[in-house]
Amino acid sequence: MKKILHLSSVDFGGAGNAAYRLHSYLSKAGFDSRFVVGRSQTGDNEVVQASKKGLNKKSKIIFSKVWHNVFIKK
């Protein structure tokens with residue numbers, strides 16, 4: 001199964017809406033899609049919001065996996 005990570009500063013507005021819709025469509029199609037944002041207004045439980053004090057625990061796990069797979073495993 002393909003794993004997809006979407007990163008955006010927000011999940012609303014022009015680009016934020018587009019990224020959110022893409023994430024939603026891919027999730028419904030059966031892909032393991034994750035969406036991490038700086039600020040969220042959708043209220044969707046699938047959207048992970050980074051806290052003002054830094055990344056929350058779920059975000060840290062996602063980012064550390066991405067960092068490891070993209071930069072460490074080269």
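Arg34 counts as partly exposed because its relative accessibility is 34%, where buried means under 20% relative accessible area, exposed over 50% and partly exposed in between, with a 1.4 Å probe and protein chains only. This is a predicted model, in which local features need pLDDT of at least 70 and side-chain atom pairs count only at pLDDT 80 or more, while totals for chains, interfaces and linings use all residues. Residues are numbered from 1 along each chain as its sequence is written, and side-chain values use heavy atoms, with hydrogens and water left out.

**Overall build**

- The secondary structure of the protein chain comes to 2 helices and 3 strands, taken as DSSP runs numbered from the N terminus (helices H or I with at least four residues, strands E with at least two).
- Read from the N terminus on, the elements follow the order β-α-β-β-α, and buried residues make up 24% of the 74 residues in the protein chain.

**Strands and crossover**

- Strand S1 (residues 3-10) and S2 run parallel and are joined by 7 bridges, two strands being paired if DSSP finds at least two bridges between them.
- Across this pairing, Leu7 stands opposite Val36 in S2, and Leu5 stands opposite Arg34 in S2.
- S2 also runs parallel to strand S3 (residues 47-49), to which 3 bridges join it, and the bridge partner of Phe35 in S3 is Val47.
- S1, H1 and S2 make a right-handed β-α-β unit; a crossover is right-handed if, with the strands pointing away from the viewer, the path from the first strand over the helix to the second runs clockwise.
- His6, whose place is in strand S1, is buried, with a relative accessible area of 10%.
- The C-alpha atoms of His6 and Val37 are 8.3 Å apart in space, although the two residues are 31 residues apart in sequence.

**Side-chain contacts**

- A search of the whole structure finds 1 salt bridge, a term that requires a side-chain nitrogen of Lys or Arg within 4 Å of a carboxyl oxygen of Asp or Glu.
- In that salt bridge the side chains of Arg34 and Asp32 meet at 3.0 Å, N to O.
- The structure holds 1 aromatic pair, and the rings of Tyr20 and Phe35 are tilted because their centres are 6.4 Å apart and their planes lie at 35°.
- That pair links distant parts of the chain, with Tyr20 in helix H1 (residues 13-28) and Phe35 in strand S2 (residues 32-39), 15 residues apart.
- Rings of Phe, Tyr and Trp (its six-membered ring) pair if their centres lie within 6.5 Å, with planes under 30 degrees apart counted as stacked, over 60 as edge-to-face and the rest as tilted.
- Phe35 is buried, with a relative accessible area of 0%.

**Largest pocket**

- The largest pocket has a volume of about 360 Å³, a volume being the space filled by probe spheres set on grid points that are joined across faces, edges and corners.
- On a 1 Å grid over the protein atoms alone, a pocket is an open set of points with protein on both sides within 12 Å along at least five of seven lines, whereas a cavity is a set where a 1.4 Å probe fits but cannot get out, and lining residues have an atom within 4 Å of a point.
- The residues that line the largest pocket include Asp32, Arg34 and Lys58.
- H2 gives the most to this lining, with 7 residues.
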